[in-house]
Amino acid sequence: MFTRKRNSVKEVSEIKGNWDTIGLELLHQKYKHDFTPSEKNIIKDMLREGPPPLQYRQKLWLISSGAAREINNNPGYYKKLLEYSKIIPCPSENQIKLDLRRTFPEEKECMTETFLERLKNILICYSTRNTSVWYCQGMNFIGGRILLVMGNEEQAFWIFIQ
């Protein structure tokens with residue numbers, strides 16, 4: 001039978017005390033990204049104290065997801081996907097439109113036409129880009145939450161696909 005070793009109180013406090021350093025190193029190893037001093041401070045604050053204020057959370061999500069790198073490496077890609085989806089309709093578009101109004105109906109800012117149009121764009125671009133998955137019910141909630149935090153449609157798209 002498999003038994004799991006329990007960490008001692010001392011080991012747990014050492015891990016907890018070094019979590020900001022460990023977390024930063026894990027992100028560095030995963031993304032092969034040398035963080036600037038200000039990026040390091042943002043990440044360390046988040047790891048120590050829980051979710052940071054919104055403006056830092058947005059930047060943290062972009063950095064830690066790899067979306068910032070993708071945006072820099074693929075300028076104009078999102079706009080091209082949007083244009084393409086207007087010429088050749090996405091097979092999932094009808095289902096996406098059905099699900100849009102079901103996305104956080106109790107939150108007023110999620111029911112505005114502007115928000116719904118931006119979320120529709122993100123989901124259609126994702127479906128156009130990833131033809132092996134297209135669209136699955138529930139993606140509207142994930143995309144909607146990311147869009148609420150990010151505010152920027154293109155950044156939300158890149159985080160969503162990551």
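Okay, let's start with Glu-109. If you skip its neighbours within four places in sequence, Glu-109 is in contact with Phe-115 and Leu-148. Before I go on, keep in mind that this is a predicted model. Glu-109 belongs to the loop between α7 and α8. Its C-alpha atom is separated by 8.6 Å from that of Leu-148, and those two residues are 39 residues apart along the chain.

Staying in that loop, let me turn to Phe-104, which also lies between α7 and α8.

Phe-141 has a relative accessibility of 38%, so it counts as partly exposed.

Next pair: Tyr-126 and Phe-160. The ring centres are 5.1 Å apart and the planes are at 80 degrees, so this one is edge-to-face. Which parts of the chain does the pair link? Tyr-126 is in helix α8 and Phe-160 is in helix α10, which covers residues 153-161, and the two are 34 residues apart. Tyr-126 is buried, with a relative accessible area of 11%. Phe-160 is buried too, at 12%.

There's also a cluster of rings to look for on the screen: ring pairs link Tyr-77, Tyr-78, Phe-157 and Trp-158. Asn-121 is in helix α8. Not counting residues up to four places away in sequence, Asn-121 touches Tyr-78, Leu-82 and Glu-153. At 12% relative accessibility, Asn-121 counts as buried.

Right, on to the helix packing. Two packed helices are described by the angle between their axes and the distance between the axes. How do α7 and α8 cross? α7 runs over residues 93-100 and α8 over residues 113-129; their axes come within 10 Å and cross at roughly 145 degrees. The crossing of α7 past α8 is right-handed. On the α7 side, the contact is made by Glu-93, Ile-96, Lys-97 and Leu-100, and on the α8 side by Leu-116, Leu-119, Lys-120, Leu-123, Ile-124 and Ser-127. Sorted by class, that gives six nonpolar, one polar and three charged residues.

Let me pick out Glu-93 from that list, a residue of helix α7. Is Glu-93 buried or exposed? Its relative accessible area is 18%, and since the cut-off for buried is under 20%, Glu-93 is buried. Leaving aside neighbours within four places in sequence, Glu-93 is in contact with Lys-120 and Ile-124.

Ile-124 turns up again with Pro-89. Pro-89 is in the loop between α6, residues 77-87, and α7. The C-alpha atoms of Pro-89 and Ile-124 are separated by 8.9 Å, and the two are 35 residues apart along the chain. Pro-89 itself is exposed, with a relative accessible area of 58%.

Last one, and it goes back to backbone angles. Trp-134 has a positive phi of about 60 degrees although it is not a glycine. Where is Trp-134? It is in the loop between α8 and α9, where α9 is 139-150. At 30% relative accessibility, Trp-134 counts as partly exposed.

Terms used
Residues numbered from 1 in each chain as written. Predicted model: local features only at pLDDT ≥ 70, side-chain atom pairs only at ≥ 80, totals over all residues. Heavy atoms only, no water. Axes fitted to C-alpha atoms, helices over the stretch in contact; angles between N-to-C directions. Helix = DSSP H or I, 4+ residues; strand = E, 2+ residues; numbered from the N terminus. Left-handed = near helix turned anticlockwise from the far one by under 90°. Contact = heavy atoms within 4.5 Å. Nonpolar A, V, L, I, M, F, W, Y, C, P; charged D, E, K, R; others polar. Buried < 20%, exposed > 50% of the residue type's maximum accessible area, 1.4 Å probe, protein only. Phe/Tyr/Trp six-rings, centres within 6.5 Å; stacked < 30°, edge-to-face > 60°.
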